[in-house]
Amino acid sequence: MSCITLHHLNQWYNDMETGAIYGRPLSPRTQILHKHNIKPILRHLDANVQGSLVKALAKAQSEVQRHQDAKRKHQYDAAISLVKSLIFHEYYDESALLELKKHRPRRCFPPKRTVVRDKDILLLIQTNWSISGNTYYEKLLNETIIGFIYNTGLRSQEVANLNLDDIDL
């Protein structure tokens with residue numbers, strides 16, 4: 001693999017605009033994302049000219065905070081696009097793309113939803129009655145709201161926005 005120069009980057013920018021890599025031009029938004037997300041990778045390439053693009057990508061992604069999974073994916077996509085352009089212009093061979101694809105960031109799923117069980121609701125209601133400082137009316141109102149939310153599946157904001165006319169008694 002050769003060192004990436006400004007000439008290579010300009011060719012890549014042109015390839016994104018003309019569609020030489022993918023057969024169609026990339027959207028302006030994707031082009032902006034690629035240009036923005038390749039910068040940290042190139043910064044690590046400049047620091048270590050002998051290093052490969054894969055090492056530079058790994059170093060750039062190690063600087064991304066743990067919860068920023070989309071940023072890691074955008075950096076990876078930009079690196080893939082750049083390597084495809086370099087392959088298209090015969091600066092790199094196909095092995096560079098295969099090597100880079102091994103470092104694809106894992107897809108992260110959102111955390112599992114928590115399930116409220118009957119015993120949790122009973123504990124919440126018991127705690128409501130054991131709290132001192134609330135009047136009997138407030139405790140009864142709290143228990144009613146807790147039961148209403150649990151039995152209907154409404155969110156707390158939806159319950160707060162309810163009017164008496166919204167409920168069919």
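Q: Does Trp129 count as buried, partly exposed or exposed, and what is its relative accessibility?
A: In this predicted model, a residue is called buried under 20% relative accessible area and exposed over 50%, with partly exposed in between. Trp129 falls in that middle class and counts as partly exposed, at a relative accessibility of 31%.

Q: How many aromatic pairs does the structure hold, and what is the angle between the planes in the pair formed by Trp12 and Tyr13?
A: A pair of aromatic rings is described by the distance of the centres and the angle of the planes. The structure holds 2 aromatic pairs. One of them joins Trp12 and Tyr13, whose ring centres are 5.5 Å apart and whose arrangement is tilted, with an angle between the planes of 35°.

Q: Where does Tyr13 lie, and which residue places its charged end over the ring of Tyr13?
A: Tyr13 lies in helix α1, where it is partly exposed, with a relative accessible area of 23%. The residue whose charged end sits over the ring of Tyr13, 4.8 Å from the ring centre, is Lys35.

Q: How far apart in space are Tyr13 and Leu82, C-alpha to C-alpha?
A: In sequence, Tyr13 and Leu82 are separated by 69 residues. In space, their C-alpha to C-alpha distance is 8.9 Å.

Q: Why are the buried residues of α1 on the same side of the helix, and what arc do they cover?
A: Helix α1 takes in residues 6–18, and its 13 residues reach 18 Å from the first C-alpha to the last, close to the 18 Å expected. Its buried residues are His8, Leu9, Gln11, Trp12, Asp15 and Met16. An α-helix has 3.6 residues a turn, so residues three or four places apart point the same way.

Q: Which residues is Val83 in contact with, leaving aside its neighbours within four places in sequence?
A: Val83 is among the residues with the most contacts inside the largest nonpolar core. Once neighbours within four places in sequence are left aside, its contacts are Leu53, Tyr92, Ala96, Leu97 and Leu100.

Q: What is the phi of Glu90, and where is this residue found?
A: Most residues other than glycine have a negative phi, and most peptide bonds are trans. Glu90 has a positive phi near 65° although it is a residue other than glycine, and it counts as exposed at 71% relative accessibility. Its place is the loop between α4 and α5.

Note on methods
Residues are numbered from 1 along each chain as its sequence is written. This is a predicted model: local features need pLDDT of at least 70, side-chain atom pairs count only at pLDDT 80 or more; totals for chains, interfaces and linings use all residues. Side-chain values use heavy atoms; hydrogens and water are left out. Rings of Phe, Tyr and Trp (its six-membered ring) pair if their centres lie within 6.5 Å; planes under 30 degrees apart count as stacked, over 60 as edge-to-face and the rest as tilted. Buried means under 20% relative accessible area, exposed over 50%, partly exposed in between (1.4 Å probe, protein chains only). A charge sits over a ring if NZ of Lys or CZ of Arg is within 6 Å of the ring centre and within 35 degrees of the ring normal. Helices (H or I, at least four residues) and strands (E, at least two) are DSSP runs, numbered from the N terminus. The expected span of a helix is 1.5 Å times one less than its number of residues. A nonpolar core is a set of buried Ala, Val, Leu, Ile, Met, Phe, Trp, Tyr and Cys residues joined through side-chain atoms within 4.5 Å. Contact means heavy atoms within 4.5 Å.
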